[in-house]
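Me: I am new to this structure. Please take one part of it and look closely, residue by residue. Which part would you pick, and what does it show?

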Amino acid sequence: MAWIVLVVSGLLETVWAAALSRSEGFTRLVPSLVFGVALVLSMAGLAYALRTIPVGTGYAVWVGIGAVGTALYGMAVLGEPVTTARLLCLVAIVGGVVGLKFLH
C-alpha cells in the first residue's frame, strides 16, 4: 500500500508543479488553489509512505516521478523542446528510480 501511495504522491507532485506554473506567481486563484491542495496531498502521501519505505528510496522515487512527470507535461502541453538527449535523460531518471525500488 505504501508504494501505491508513494506513486500517487509523485503524480501529485507533477500536478502541483504544473499548477504553480499556471498560477503566475499566485495571482490566479484556481491554479493557486490546485497547487495548495495537490501540495498538501502530495506531502501527506509522502509522509505516509515513508513510515514503511526507507527515506532515501522513498524520496528519490517521489522526486523522480515528479520530475519526469513535470518534464513530460512541459513537453506535451507547454511546447517545451522534445529532443533525444532530453528523453534519454528522463529514461535515466526512470531507470534509477526503478533500480532503487528493486534494490529496496
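Reply: A helix here is a DSSP run of H or I with at least four residues, a strand a run of E with at least two, numbered from the N terminus. Residues are numbered from 1 along each chain as its sequence is written, and side-chain values use heavy atoms, without hydrogens or water. The model is predicted, so local features need pLDDT of at least 70 and side-chain atom pairs 80 or more, while totals for chains, interfaces and linings use all residues.

Start with the setting. The protein chain has 4 helices and 0 strands. From the N terminus on, its elements run α-α-α-α. The C-alpha atoms fill a box of roughly 40 × 35 × 15 Å along the principal axes. Of the 104 residues in the protein chain, 33% are buried. Buried means under 20% relative accessible area, exposed means over 50%, and partly exposed is in between (1.4 Å probe, protein chains only).

Now to the loop itself. On one side stands α1, residues 2-22. On the other stands helix α2, residues 29-49. Glu24 lies in the loop between them. Take the backbone first. Glu24 is not a glycine, yet its phi is positive, at about 50°. Phe26 is not a glycine either, and its phi is also positive, at about 65°.

Glu24 comes out as exposed because its relative accessible area is 52%. Phe26 has a relative accessible area of 49%, so Phe26 counts as partly exposed. Neither residue is buried, then: Glu24 is exposed, and Phe26 is partly exposed.

Next, the side chain of Glu24. Which residue does Glu24 meet in a salt bridge? The partner is Arg28, at 4.0 Å from N to O. A salt bridge needs a side-chain nitrogen of Lys or Arg within 4 Å of a carboxyl oxygen of Asp or Glu. Arg28 is partly exposed, because its relative accessibility is 37%. Glu24, at 52%, is exposed.

Step on to Leu29. Leu29 belongs to helix α2. How accessible is Leu29? Its relative accessibility is 61%, so Leu29 counts as exposed.

For context, look beyond the loop. The count of salt bridges comes to 2. One joins Arg28 and Glu24, as described above. Another joins Arg86 and Glu80, with the closest N and O atoms 3.5 Å apart. Arg86 is partly exposed, with 28% relative accessible area. Glu80 is partly exposed too, at 32%.

Glu24 carries a positive phi of about 50°. Its side chain meets that of Arg28 in a salt bridge. Leu29, found in helix α2, is exposed at 61%.
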